[in-house]
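Please keep the structure open while reading.

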Amino acid sequence: MKSLPFLDLFIVIAYLAGMVGVGIYFSRKNTTADQFTKASGKIPGWAIGISIYATFLSSNTFLGVPGKAFGSNWNSFVFSLSMPLAAWVATKFFIPFYRSTGAVSAYTHLEHRFGAWARTYAVACFLLTQLARMGSIFFGIALSLQALTGYDMSTIMVVVGVCIVLYTVMGGMEAVIWTEVVQGVIKTVGALVILYLVVDGMEGGLSKIMTVGNAEGKFSLGSFAPDFTQSSFWVVLLYGFFMNLNNFGMDQNYVQRYHTTTSVKEAAGSVWLCVYLYLPVSLIFFFLGSCLYAYYQSEPALLETIKMQVATERLPGGTQAAISNLAATLTPGDYGDKVMPHFMVNKVPVGLLGLIIAAIMSAAMSTISSGMNASATVFSIDIYQKYIKSDLTPKESLRLLYIATTVFGLLGMITGIAMIGVKSVLDVWWMLSGIFAGGMLGLFLLGIISRQTKNAEALTATLIGIAVIIWMTFSNQLPDEYAFLRNPLHQNMIMVVGTLTIFLIGLLLTKLRKPTSIEKEMVLDN
């Protein structure tokens, strides 16, 4: 642990003050709920594209991806490779649909298709997904700043969270978008700076890194065998496609931004700009993780320090001998998330360290702020105005959004604090998001693709899908005598199987249902 040098501390404080200043600047425009949620639909497409990219490039990417590459290989990069196909589906079908409805909430149409239960279920899944996302991101930023400042992770989450709440509440969606444009640039520059410092500090340079990486299988995309019980290439590709389809196609964070542009073309262009930016930059983060692995293999003393730090955290109050014994058993996957913060503390020069800290904070703040705004919007439209009070005055609507944004920011902090001590940030996020998003995406696809599916079929399919998701998630807790009932598939398949279960069972039930007289007449007319 060490204190941040004054110059670096000044850069970090200036960055935080700048973000809050943006919120204050745009607070003058926030006189209506429409301005708060949609920025009056006048944001240029390129700015939306960078803001979506910034949301994707969270602290889970900034810290979790290098940590994952350090601990294993590039298997998780396959997630990024699935983005173009998901983006094509979203821009061809989903964006024109949302723009034509005009509804700022992504889930309003589910009630029109299947009833209030469908809308409520999707909203509940979305809000739980957001809490999981914000919590994992709060955790990620606290993990890095703890190494730099010595403050406990809970305190860091609260301080950073207060800054995010301030500019998000004051500035609304417009502040969220324009701060994300700045944050997207800062975090990309920060990643390139760290990569340069690692390669430059490595004895033997890039050729040595490539030699170590190849020898240890650090550049592997995973097994190409059709094996769905482990994290093979195909498992991550399927998971990535369905999750990115969920992100681009029905995640309120993104759908809400489609309404901030001036046209369908601008909205579609923003999605493709995100893909063009994220693919190469995510590759940089995976390569950074492999570089860090080679660097620390050549510095065994530094590696031992990290192991002892992790062992100490896992055995608070333990004896020195017990901690040393535990440290000796740790694998790269156990301490991968600690490596980049350690490198920053010990190897990044004064001045540049402040920039990189700002980059990591940008990575966290961009995703959390958009999640807070989207969650508040969904809560206001789909819960409060639906079930509590529908005839809100403009002033009441704006006040409700302010309160809801603050509350979701606090809940995200609490979730992050609850995650302290986990093994891998990226693994936790992928598991939780897969659980909550699987059923939601399946129901959404059923409503969009199958126009003949009615309320009863959709509800039945959703209940069966939820049962499957619960079984796949928790069946590994069953005692040994019931081992045959455990889910044999990898946890990333929960999202895939849950989505397909709801969609396919819904289609099957629709086929089995006897058509009504009206439907028979429509078939005959056609």
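## Helix geometry

Helix α14 (residues 300–314) has 15 residues, which should span 21 Å at 1.5 Å a residue; its end C-alpha atoms are 21 Å apart, in agreement. The expected span is 1.5 Å times one less than the number of residues in the helix. Helices here are DSSP runs of H or I with at least four residues, numbered from the N terminus.

The model is predicted: local features need pLDDT of at least 70, side-chain atom pairs count only at pLDDT 80 or more, and totals for chains, interfaces and linings use all residues. Residues are numbered from 1 along each chain as its sequence is written, and side-chain values use heavy atoms, with hydrogens and water left out.

Several residues of α14 are buried: Leu-302, Leu-303, Ile-306, Lys-307, Met-308, Val-310 and Ala-311. Buried means under 20% relative accessible area, exposed over 50%, and partly exposed in between (1.4 Å probe, protein chains only).

## Salt bridges

Side chains of opposite charge can pair when their charged atoms come close. The whole structure holds nine salt bridges. The criterion is a side-chain nitrogen of Lys or Arg within 4 Å of a carboxyl oxygen of Asp or Glu.

| Pair | Closest N to O |
|---|---|
| Lys-386 and Glu-111 | 2.3 Å |
| Glu-396 and Lys-389 | 3.2 Å |

Lys-386 forms a salt bridge with Glu-111. Lys-386 lies in helix α17 (residues 352–388) and Glu-111 in helix α7 (residues 108–114), so the pair ties together parts 275 residues apart in sequence. Lys-386 is partly exposed, at 30% relative accessible area. Glu-111, Arg-119, Asp-382 and Lys-386 are linked in a network of salt bridges.

In the pair of Glu-396 and Lys-389, Glu-396 is partly exposed at 25% relative accessibility. Lys-389 is partly exposed at 30%.

Thr-377 is in helix α17. Thr-377 is buried, with a relative accessible area of 1%. Leaving out residues up to four places away in sequence, Thr-377 touches Thr-37, Val-104, Gln-252, Gln-256 and Leu-401. Contact means heavy atoms within 4.5 Å.

Thr-129 lies in helix α8. Thr-129 is buried as well, at 4% relative accessibility. Thr-129 and Pro-44 are 85 residues apart in sequence and 28 Å apart in space, C-alpha to C-alpha.

## Surface patch

Phe-6, Leu-7, Phe-10 and Val-350 make a nonpolar surface patch of about 470 Å². Patch residues have over 30% relative accessible area and no salt bridge; nonpolar side chains (Val, Leu, Ile, Met, Phe, Trp, Tyr) are joined within 5 Å, like charges within 9 Å. Accessible areas come from the Shrake-Rupley method with a 1.4 Å probe; for residues, only the protein chains shown count as cover. Leu-7 belongs to helix α1 (residues 6–27) and is partly exposed at 43% relative accessible area.

Definitions and conventions:
Helix = DSSP H or I, 4+ residues; strand = E, 2+ residues; numbered from the N terminus.
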